[in-house]
Amino acid sequence: MNVYDTANKLAQEIKASEEYVNYKMAKETLSLKPELKKKIQEFEQARYEAQLIAMQTGKSDEEKTKKMQQLYIELIENDEAKKFFETETKFNIVLADVNKIIGDAVKDVLQ
C-alpha cells in the first residue's frame, strides 16, 4: 500500500467516524435554521477578527474579545447551538490529533 492509498483510507475512516457524522448532522440541522446559522456565523467572524488582531499585534483587542464572548454566551444558551459547538470541537480534536500523529512521524526531517 502506498502513502496515497493510506491517505485515502484515512479520509474514509474520518468520514465514517462518530465525530464526523455528528458534526455533519449538526451542520445540516443548522442549515435548516437560518437565523441561528447567521448568529453562529456572526460569532465565528468575531472570533476570527479577535484572533487575527491578537496574532498581528501580539495583544488582544478588548472590544472585539468582549463582542465575541457576548455572542458566545448568547449562543451557548441555545441547545442546538451548544450541540453544534460541542460536535465541532470533538471533530476538530480528531483532526488535530491526526495532524499531530503525522507531524510527529516526520518531525525529524522538518526541523
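Predicted model: local features only at pLDDT ≥ 70, side-chain atom pairs only at ≥ 80, totals over all residues.
**View 1. The buried residues of helix α3.** Helix α3 runs over residues 34-57, and its buried residues are L36, I40, F43, A46, A50 and I53. With 24 residues at 1.5 Å a residue, α3 should span 34 Å, and this agrees with its end C-alpha atoms, which are 34 Å apart. After α3 comes G58, a residue whose phi is positive, near 80°.

**View 2. The contact of helix α1 with helix α2.** Helix α1, formed by residues 3-16, packs with helix α2, formed by residues 18-31, at an angle of about 60°, and their axes are 4 Å apart. On the α1 side the contact involves I14, K15 and A16, which meet E18, Y20 and V21 of α2. By residue class, this contact of α1 with α2 comprises four nonpolar and two charged residues, with no polar ones.

**View 3. K59 in the loop between α3 and α4.** K59 is placed in the loop that lies between α3 and α4, the latter being residues 62-76. Its relative accessibility is 60%, so K59 counts as exposed, the cut-off for that class being over 50%. Leaving aside residues up to four places away in sequence, K59 touches I53 and A54, and I53 is itself one of the buried residues of α3. K107 stands 48 residues from K59 along the chain, and the C-alpha atoms of the two are separated by 30 Å.

Note on methods:
Residues numbered from 1 in each chain as written. Heavy atoms only, no water. Axes fitted to C-alpha atoms, helices over the stretch in contact; angles between N-to-C directions. Helix = DSSP H or I, 4+ residues; strand = E, 2+ residues; numbered from the N terminus. Contact = heavy atoms within 4.5 Å. Nonpolar A, V, L, I, M, F, W, Y, C, P; charged D, E, K, R; others polar. Buried < 20%, exposed > 50% of the residue type's maximum accessible area, 1.4 Å probe, protein only. Expected span 1.5 Å × (residues − 1).
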